[in-house]
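Hello,

Here is the structure you asked to look at. My notes follow below.

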Amino acid sequence: MVKIEHKRARFVFRLGDLKLEWTIEPRYWRNHFIAIALLILLILGLSGKPDLLSLITTANIYACIAIPLAWQMTGTGRMNFGPQLFVGIGGFTAALASIYWGWNPWQSLFLTILVSLLFALLLSRLTVIAKGLYFSLITLLLPLIFLEFTNIFNRVFRGETGLSGIAHIIDVGDIGRNYLLGCLMSLGLMLVFLYVVDKVLRSRWGVYAAAINDNENVANMLGLNINRYKIVTFTMTSVMIGIAGWFAAHYFGTFAGVTYLPLQFMLKVLLVVMIGGRGEIYGCVVGAYFVALLEHFLTRIGPIHYILFPFILLLLLLALPEGLYGLYRRHRYKEYYPTLKVRKREI
Amino acid sequence: MLLKIENVTKGFGAVKAVDGVSFDIHEGEIVGLIGPNGAGKTTLTNLISGLYKADGGRIDFLGTNIVGLPQFKICHLGISRTYQIPQPFPDLTAIANVVVGVLCGKHRINLSFGDALLEASHCLETVGLFGKRNVLAKDLTLFELRTLELARALATTPKLMIIDEVMAGLNPGQSLRAVRLIRRLKEEYRLTILWIEHVMKVITEASDRIEVLNYGKKIAEGPPKTVMNDPIVIGAYLGKKYARSRKA
């Protein structure tokens, strides 16, 4: 039985050995459960409106790409302009496994992780060899090369039209419920990514990532094997982005290179990261919902987002390098570095 | 013997920044490394700390040749350094700057994040920067940055600490505090120090022995007073004409 106690300025909930404290004053409400509960309520409230559920799912997929990307940018100290490469690798692996071999989503997830891991390990050396602009240029080109590859091998990848008939992520027999459950799963995936990256960045890995981001030569001089950490970070984040691609393929049931691999998609992902602020994983969620909503409303006007998105990105890069979310956090130190508070003991 | 440098050379194109330099550093010493601008002092420290790879010669640290070893391995062996122009992690707080040194420096078994924080706090307190532990490094003053660099270098538990022009840009009061601090660190942590400095008064008072470089070559070595009166050293700093007139 849950016991509720009212103590000074807080409620204490007890269930056996479990204890949860709730501060009454709203300015101390920094509880993630509120945000999660609100999102779940929003999704449940929108059941029966598949277009809006798809919109939320798209936002969650953007966040699933942007969250590991934010970690990657910090942990490698490099700007990756081609995160969609791993969306493509993950998505195509899932799609091909599902269509040609008839694999279900969970079997294809295993294969997606393996293939993404292989490609990530192959490309991870780039974080050591290429610096600054060269890394950005190479990563910018790789998805475009992959897009050309899908066009050349049109019979396998169906470059122009995309692959369709991919097994759905969930099928309970009712389309409305499928949309609802798919949307909740996308939220779950996004929250898992958020939790994992948050835990990593608040550990000693976060300190290493921050040190590499700030000055990798000094980090190396202080005894950090920067190459190892950059390779591991790039590999792990790339696999996570690959999983986002897997989810997109199985959720929508179709996967086309022309949707995910061109520069337009990269611009959207970068916009999500830039709105959140570089390295701000919670900002990525805000950015993802902002971009998805903006895209949704702009498509009603016409294909104006092709011009508007790069324009907003340029403005953000020039005027607000910390992102829109950074405006809110301007008075605080960067959240992606672990907050290390040590109090001096009074003697 | 802690460090033995034998016939080390390093060139950048046609310029030989370090040309056949040899000297030893014994445990517990403070060795001063002086020379006019462009003498090759910082290049030599970069060679010792592993930022550059020597073109020739040997650098033995505790019997291990460290030429060609990556910087992090040299740090793990026990060599740490500060920079002429402070290079903190600007977006990290002072304590996080030092925690990097604690976590990444010499390997310590079962070092938890909390232990690392505690040790970093201790390092900050030693250099007198504990009060600024939660201030971003980019918001610290030059003197505080210099002490932060010392704390960070100390956090890696070095045997040999290379201090590169710690007095640059400090006023006389701050310089005095810095010298006292370095001496205290040497005593408390049993450090050996290779100290590069332009301020002659400081280096002659603080060091046990001085090595002098000019145009990449070693031109003199010995106790501070002997070196300071050496006509070759005076000539290198003030010109041969002045050295001759002083002799006459």
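This is a predicted model: local features need pLDDT of at least 70, side-chain atom pairs count only at pLDDT 80 or more; totals for chains, interfaces and linings use all residues.

The face of α4(A) turned away from its buried side carries the exposed residues A:F110 and A:L122.

Residues are numbered from 1 along each chain as its sequence is written, while chains are lettered from A and ligands numbered from 1 in the order in which they are written.

The buried residues of α4(A) are A:P105, A:S108, A:L109, A:T112, A:V115, A:S116, A:F119 and A:A120. They cover an arc of only 140 degrees around the axis, so they sit on the same side of α4(A). The arc is taken from the directions from the helix axis to the C-beta atoms. These buried residues pack against α3 (84-101) and α11 (226-252) of chain A. Contact means C-beta atoms, placed from the backbone, within 7 Å.

Now the whole chain. Chain A has 16 helices and five strands. These are DSSP runs numbered from the N terminus: helices are H or I, at least four residues, and strands are E, at least two. Buried residues make up 46% of the 347 residues in chain A. Of the chain A contacts with a separation of 6 or more, 73% join residues 24 or more positions apart. The C-alpha trace spans about 75 × 55 × 40 Å along its principal axes.

Best wishes

Conventions. A residue is buried if 20 or more other C-beta atoms lie within 10 Å of its own, exposed if 12 or fewer, and partly exposed in between; C-beta atoms are placed from the backbone. Two residues are in contact if their C-beta atoms, placed from the backbone, lie within 7 Å.
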